[in-house]
Amino acid sequence: MPNAILDPAGGAGAVGAALPGGAAAGLASGAALAPRPRDLRGARVGLLMNTKQNAGIFLDEVGRLLVDSHGAASVLARTKLAFARAGAGEGDGEGAAE
Amino acid sequence: MTEPDPDAAQQAIEYCYAQGWSDGLPLVPASRPLLDQFLAQTSRDPQEIIGTLEQTGRHCTVELAAINAAMAGCRPEYFPVVLAAFEALMTDRAARGGGFQSTSGPAPLIVINGPVRGELGFNGAGGAFGPGFRPNATVARTLGLIVRNVFGIRPQVLEQATQGIPGRWSICIAENEEESPWEPASVEAGLPEGTSAVSATLLRTCEFVDNRHTQDPEQVLWDFADTISRTGSLIFKETSCGVVFCPEHAQMLAAAGFSKNDVKDWLVGHCGRTANDLRRAGKDGLNGPVRLPAGQPGAPDEFSRILPSRQHVPVLVAGARNAAISMVVRVFGFWTGTAVAVETPAGALAGQASS
């Protein structure tokens, strides 16, 4: 009986690989999603621009639609300070506080 | 020893491909006896978590790292270097915070210092950036397999590299300490001389500077400044960019009186572009830290520096003493200046005795 070939992924698949029904494999493994608001009426919505071309123009329009069509109270726009930083580091606290 | 069975080996390799574990090249099929050889090289608990990617909720254990090292083609005795390299890379916030899935497709730069270079055969001389040397090639490849298999980040799924960069998962160099006029990166990081250690960061790319033309150190440094300062690489107001000097360039600079910090200070002071250059590329304005076209032209000759401090300019030495060819290494996030000591075989034996 030969030895089994070991699994270098420890049984997990690729993150984000599509599953039937639209679910994404692995995204929820060990990570809880933040609570979702039931709707946006009266909410102040934070939008994080990633510095890509036209991201600001696009998110400005998204913000306008959230206020005009979905009842958001206001939009708080911020820009990533550096590559690969999920919430721009020190900006995280600022955004949460505001 | 019986002859290896090539047909069985081919079947095992194809099995690994079919599971989606490969980076495109054949993997060494890992088995329990091979894994045990890797785990015997460290005192660490196989289930110890050595890295977490918060955005995916995935954890890398010592055992999973060992399986990927085996599959990458490492010999078991490389495993303490793999553990140090992974720990060093994970000190880089860009690696923890989304760098592996970035459109930039950045590559780890792994730097080996100390006696382990000679003991295991890491190359830091001719062809330091590879290929041709098993320790360099397989330790770097291991990190790529960990990202793919353990963190689950695969190209065109969560990994969104627009083009990627040549050399991703293959850039591992030993410092040529014997021909460097300056202290090794590990000593600069605060470890005692003679310590085997690994430093790592993510790179956006490597670009050669070939200057065999002058013996004037400032002219040579200007040549580096030109490559470092090219506008195509500038996204934010500030950047981080290092140089892996070949021994000839390093020795010429040292002979002219430049310490490592003198070189860094010179580059900090001279790398940058004029407002006119930046305007030509649509990068003369700023929105916070991000460059964009300015509405109004400023003073055309106003000079903007791009390297804010010495720590943004890692300086290393590698390569052969046969030409004046060095490499500019464009840092993706920030060089932490951390060197992680490599566990010694004595440490592994002690750990096993106590467990």
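Q: Buried means under 20% relative accessible area. In this predicted model, what makes B:Ser326 count as buried?

A: B:Ser326 has a relative accessibility of 3%, which is under the 20% cut-off, so buried it is. This serine is found in strand β12 of chain B. Leaving aside its neighbours within four places in sequence, B:Ser326 is in contact with several residues, among them B:Phe208, B:Phe224, B:Val244 and B:Cys246.

Q: How do you know that the side chains of B:Ser326 and B:His249 make a polar contact?

A: Their polar contact is 2.7 Å, and the cut-off for a pair of N or O atoms is 3.5 Å. The distance is within that limit, so the pair qualifies. The side chain of B:Ser326 also reaches the backbone nitrogen of B:Cys246, at 2.9 Å.

Q: What about B:His249: is this residue buried or exposed, and how do you know?

A: Buried. Its relative accessible area is 2%, and the label needs under 20%, so B:His249 passes. The histidine lies in helix α10 of chain B. A polar atom of its side chain lies 2.9 Å from the backbone oxygen of B:Asn211. Apart from neighbours within four places in sequence, the contacts of B:His249 include B:Val209, B:Val220, B:Phe224 and B:Ile325.

Q: Why are the buried residues of α9(B) said to be on the same side of the helix?

A: First, the list: B:Pro217, B:Val220, B:Leu221, B:Phe224, B:Ala225, B:Thr227 and B:Ile228. They cover an arc of only 160° around the axis, and therefore sit on the same side of α9(B). As for what they pack against, that is β5, β6, α10, α11 and β12 of chain B.

Q: How do you know that the span of α9(B) is close to the expected one?

A: Helix α9 of chain B runs over residues 217–228, 12 residues in all. From its first C-alpha to its last it reaches 16 Å, close to the 16 Å expected at 1.5 Å a residue. At the start of the helix, a side-chain oxygen of B:Asp216 reaches to within 2.9 Å of the backbone nitrogen of B:Glu218.

Q: What makes β1(B) and β2(B) count as paired strands?

A: Pairing takes at least two bridges, and these strands have four, in the antiparallel sense. Four meets the cut-off, so they count as paired. B:Gly51 stands opposite B:Cys60 in β2(B). The two strands form a hairpin with four residues between them, and B:Gly57 in the turn has a positive phi of about 70°.

Q: B:Gln156 and B:Trp169 lie in the loop between α7 and β4 of chain B. Which of them counts as exposed, which is buried, and how do you know?

A: B:Gln156 comes in at 75% relative accessibility, and exposed means over 50%, so B:Gln156 is exposed. B:Trp169 has 19%, which is under 20%, so B:Trp169 is buried. On the backbone side, B:Gln156 has a positive phi of about 65° although it is not a glycine. B:Trp169 has a positive phi of about 70°, and it is not a glycine either.

Q: How do you know how much area chain B and chain A bury between them?

A: Buried area is the accessible area that two parts lose on being put together, summed over both. Here that comes to about 2600 Å², with 65% of it on carbon and sulfur atoms. In chain B, the residues that lose the most area to chain A are B:Arg58, B:Arg93 and B:Phe236, together 21% of what that side buries. The contact takes 39 residues from chain B and 30 residues from chain A.

Methods: Residues numbered from 1 in each chain as written. Chains lettered and ligands numbered in written order. Predicted model: local features only at pLDDT ≥ 70, side-chain atom pairs only at ≥ 80, totals over all residues. Heavy atoms only, no water. Expected span 1.5 Å × (residues − 1). Buried < 20%, exposed > 50% of the residue type's maximum accessible area, 1.4 Å probe, protein only. Arc of directions from axis to C-beta. Contact = heavy atoms within 4.5 Å. Polar contact = N/O pair within 3.5 Å; in protein donor to acceptor, adjacent residues only side chain to side chain. Buried area = accessible area lost by both parts, 1.4 Å probe.
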